[in-house]
2 protein chains.
Amino acid sequence: MRLKAKFLGLEAGGKSIVVLNKEDADDLGVPPLGRVKISFRGREVTAIINTTILLIHVGVIGLYEEVRRALNVEEGDLLEVEIAPSPTSVHFIRNKLRGRKLTYEEVLEIVRDTVKGNLSEIEIAAFVTALHSFGLDLDEATSLSIAMVETGNILKLDRHPILDKHSIGGVPGDKTTLLVVPIIAACGLTIPKTSSRAITSAAGTADRAEALMPVSLNIEEMREVVEKTNGCIVWGGSLYLAPADDIFVRVEHPLSIDPLLLPSIMSKKKAVGAELLVIDIPCGRGTKVKTIGEADLLAKDFIELGRRLGIKVQCAVTYGEQPVGYAVGPALEAREALSVLMGEAEVPDLADKATDIAGILLNMSGMRNGKELAVEALRSGRAERKLREIIEAQGGDPTVNPSDIRVGDRRFTFRSERSGYVLWIDNSYLVEVARLAGAPKDKGAGVLLHKKIGDRVKEGEPLFTVYAEKAAKLQRALSMLEERTFMGTGKRMEMLIHEVKERPVTKRAFMLER
Amino acid sequence: MRLKAKFLGLEAGGKSIVVLNKEDADDLGVPPLGRVKISFRGREVTAIINTTILLIHVGVIGLYEEVRRALNVEEGDLLEVEIAPSPTSVHFIRNKLRGRKLTYEEVLEIVRDTVKGNLSEIEIAAFVTALHSFGLDLDEATSLSIAMVETGNILKLDRHPILDKHSIGGVPGDKTTLLVVPIIAACGLTIPKTSSRAITSAAGTADRAEALMPVSLNIEEMREVVEKTNGCIVWGGSLYLAPADDIFVRVEHPLSIDPLLLPSIMSKKKAVGAELLVIDIPCGRGTKVKTIGEADLLAKDFIELGRRLGIKVQCAVTYGEQPVGYAVGPALEAREALSVLMGEAEVPDLADKATDIAGILLNMSGMRNGKELAVEALRSGRAERKLREIIEAQGGDPTVNPSDIRVGDRRFTFRSERSGYVLWIDNSYLVEVARLAGAPKDKGAGVLLHKKIGDRVKEGEPLFTVYAEKAAKLQRALSMLEERTFMGTGKRMEMLIHEVKERPVTKRAFMLER
């Protein structure tokens with residue numbers, strides 16, 4: 001069937017989609033969400049069809065941008081359109097839906113078609129849901145990790161060992177990476193760190209780092225920075241490392257499921273050539289992993305998956321029941337990290353966590369007294385100088401000072417209504433407040449704590465300050481805080497946690513971050 | 001945030017979708033596929049957002065038709081847009097994803113949001129996939145059935161009992177309903193039959209009936225026909241009975257899964273007020289249900305679900321290894337059914353199956369010798385006269401003759417290359433050929449068998465004829481048949497079925513039809 005091209009001007013997020021009039025679709029015999037092969041001057045694209053009775057007339061084919069580009073057509077060109085079968089990978093997805101274990105070849109086919117945009121939203125959603133429902137064993141996790149590496153870019157460095165660290169996330173204010181990378185690099189070891197932006201949190205490491213320097217590098221620029229400075233802190237999103245994961249996460253997030261957690265993390269590490277890796281598993285109420293037992297089980301899987309991928313993994317189960325440090329929000333956190341590196345601020349938990357993780361990495365690479373070496377690199381100012389080298393190499397201002405980092409000038413400080421102690425901090429509610437104030441999109445927005453759990457507080461003393469760049473957003477955050485606070489104070493722990501009067505409905509607050 | 005309305009002219013299949021520039025979406029803090037509340041002059045709509053960096057500029061909001069209509073805006077109107085939470089039903093879907101059993105209230109909420117267009121494709125796909133993976137027990141099947149009835153139209157008739165029949169499908173050429181309805185109605189009982197169009201088959205009952213009369217009636221017209229004639233054969237798609245099912249099936253079909261089979265069928269029966277129901281379960285190779293044991297298990301579930309919904313159900317497990325009758329394709333089948341009703345053609349298996357099922361229904365309504373009554377209604381011509389009454393009431397020509405039904409004039413007859421017997425017919429391949437020839441969209445296209453399994457055949461005798469309305473489509477079907485046939489002949493059954501030389505890959509041919 002010959003149809004006339006019409007441009008829709010819409011993007012489908014990498015997928016190849018065309019819109020046909022229902023008449024034409026029926027005539028071709030294509031079922032809803034079926035596929036057609038479109039040919040034009042020797043070029044061919046297989047696209048998923050949407051049908052309409054309104055916008056597209058009989059004889060016309062509406063093209064999303066992806067298809068327009070792939071075929072290189074002009075509006076009005078006549079395209080040859082015929083029915084196309086589902087790709088083989090759809091059969092493999094159906095097998096997984098029946099509970100069958102997938103082979104590497106099958107997984108590779110699914111991942112390849114995902115990256116190429118050959119699978120519909122429904123097919124990808126079904127695949128991810130089936131992985132969640134039936135689970136995936138370590139063989140499948142290994143297959144997925146390798147397939148995701150194979151279908152993306154790979155960073156090649158001529159040095160060994162390559163170190164890396166990763167946190168599974170879930171703790172607000174965790175700017176540990178901003179310290180670990182310069183500490184490791186200052187000790188002469190290589191750490192090509194990629195990070196994500198926030199999805200549901202108030203700041204991802206890429207957001208934090210961006211307050212100090214450009215982070216949207218391509219893979220060649222990243223390689224140059226690492227070769228020059230031993231380290232880098234760049235945004236993973238522009239590198240096309242394990243790109244399938246970015247597509248899967250678009251399904252996982254609205255469903256709050258995360259079956260690909262392990263392959264997702266490990267494939268990105270493998271893609272930068274990591275050989276020694278520390279995985280940080282924050283643990284406790286308000287994090288993803290509630291108990292140490294759960295954390296240990298997850299650690300076991302990371303270690304075993306690493307073994308299969310040729311990556312030596314150690315895990316650090318860390319305390320996650322309150323933010324790391326005092327600052328939550330991209331610019332506030334960048335400020336805090338820089339201050340600690342410069343020795344201008346005392347933030348014991350942040351310094352401790354960063355040197356613990358750096359210490360484990362140093363020990364893994366064969367040094368002794370890793371923790372002491374890490375502390376020394378931090379204390380001596382060597383880590384600070386290294387960070388400035390990295391900032392410069394990534395195109396930022398190496399002379400930046402904490403006060404140069406712009407934070408929001410709309411502020412409100414909450415003060416304690418009584419004397420006593422800080423008893424608890426509700427992590428996820430704190431994040432919600434920071435996001436209402438504008439984080440992570442408004443880099444200067446967030447929350448600065450003045451007290452943390454266990455701290456003594458007097459009536460009228462400041463507990464925390466909310467920062468925003470826009471008055472309306474500050475107002476929005478404050479309205480939430482009028483209802484209830486995320487920081488609890490009192491004389492002593494109260495023994496009654498919660499009364500249950502009827503069947504409780506639990507709303508799981510999920511923080512997906514990789 | 002105030003955004004200027006722009007019309008996209010696209011339909012989203014009932015869903016409320018808007019397109020924002022990525023900048024604005026980030027500014028609102030809406031995650032990908034998150035939701036916004038849009039207000040305009042007292043009207044409010046919650047819509048799922050897609051983002052773009054191309055088509056929609058900052059400050060503009062692109063509206064799908066559904067949203068445009070609901071808000072009743074003009075292009076350029078300023079709309080108030082704010083972030084909206086996920087509907088509660090998304091939490092319930094997440095619970096099902098974790099394997100939790102759903103209560104009636106939760107199911108109702110999910111079904112209601114599905115019908116209202118409040119759920120994204122991904123959320124619906126995840127729900128259906130989770131139902132498939134974890135299964136649904138009879139409590140959940142009952143809840144789904146009731147919820148699907150509650151959220152759609154209901155047919156109210158002032159008479160009892162209401163009879164109905166349904167086939168789970170999978171056998172080509174099954175025009176049984178075209179005989180059962182007039183037989184039952186001729187016996188003075190009420191049978192308000194709704195049918196579906198083909199999805200993956202060569203003809204649905206609605207397609208077959210449409211070759212005889214209009215079938216796209218609304219519910220009021222349907223009621224009038226039934227009150228006048230005791231029966232009807234109308235397309236279910238325009239009646240808005242259990243409309244959630246039509247949305248779920250859009251996800252089930254591309255995935256070839258069918259977890260909602262029972263609630264889907266039973267809700268549509270409940271919605272027309274059925275009290276006595278026969279479910280036909282075609283059984284055997286090439287159908288959905290391969291063995292009698294499987295058929296009995298499915299029958300048990302239908303009977304129990306019926307009991308919970310107040311419908312008395314009996315099941316008929318029927319032979320399904322070859323087409324019913326000789327004709328496959330809408331017009332060819334309508335012709336065959338009409339000829340049998342008129343006593344002009346002998347099609348023993350069709351007449352037998354129709355009178356068996358009608359007989360069970362008559363027995364269920366308290367008559368004795370149901371089978372004999374059914375045979376008598378058919379033989380006497382009373383069923384034929386009743387069908388003509390129904391045709392007239394639905395707006396068709398009551399004097400129609402088989403030869404008036406137009407079938408395709410592009411034809412090709414395949415002849416036997418040897419003498420012997422017809423040993424097998426490959427149902428799904430036959431359907432594929434009929435579809436390539438144009439069925440069901442081209443009503444006159446299809447396949448007419450001249451021989452069936454067990455029939456003696458001489459060299460050169462016709463085996464079957466392929467019908468098409470268009471030469472190109474006939475050619476397409478013939479090319480397929482050049483590769484291999486769907487009808488096997490030979491001297492005797494060959495004992496070696498199939499050699500297995502390497503790990504076999506099975507491709508399950510699924511026929512979803514309700």
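In chain A, helix 17 (residues 427–436) is mostly covered, with 7 of its 10 residues buried; a residue counts as buried if 20 or more other C-beta atoms, placed from the backbone, lie within 10 Å of its own. Helices (H or I, at least four residues) and strands (E, at least two) are DSSP runs numbered from the N terminus. The model is predicted: local features need pLDDT of at least 70 and side-chain atom pairs count only at pLDDT 80 or more, while totals for chains, interfaces and linings use all residues. Residues are numbered from 1 along each chain as its sequence is written, and chains are lettered from A in the order in which they are written.

The buried set of helix 17 of chain A comprises A:Asn427, A:Leu430, A:Val431, A:Val433, A:Ala434, A:Arg435 and A:Leu436. These residues pack against the following elements of chain A.

| Element of chain A | Residues |
|---|---|
| Strand 14 | 420–425 |
| Strand 15 | 446–449 |
| Strand 17 | 462–468 |
| Helix 18 | 471–483 |
| Strand 12 | 327–328 |

After helix 17 of chain A comes A:Gly438, with a positive phi near 125 degrees.

Chain A has four domains, among them domain 3 (163–402) and domain 4 (407–490), with bounds from an automatic or database domain assignment. The C-alpha centres of domains 3 and 4 of chain A are 25 Å apart. Their contact (C-beta atoms, placed from the backbone, within 7 Å) takes 21 residues from domain 3 of chain A and 21 residues from domain 4 of chain A. On the domain 3 side, strand 12 and helix 13 (330–341) of chain A each supply at least two residues, and helix 13 of chain A gives the most, with 4 residues.

Technical notes. Two residues are in contact if their C-beta atoms, placed from the backbone, lie within 7 Å. A residue is buried if 20 or more other C-beta atoms lie within 10 Å of its own, exposed if 12 or fewer, and partly exposed in between; C-beta atoms are placed from the backbone.
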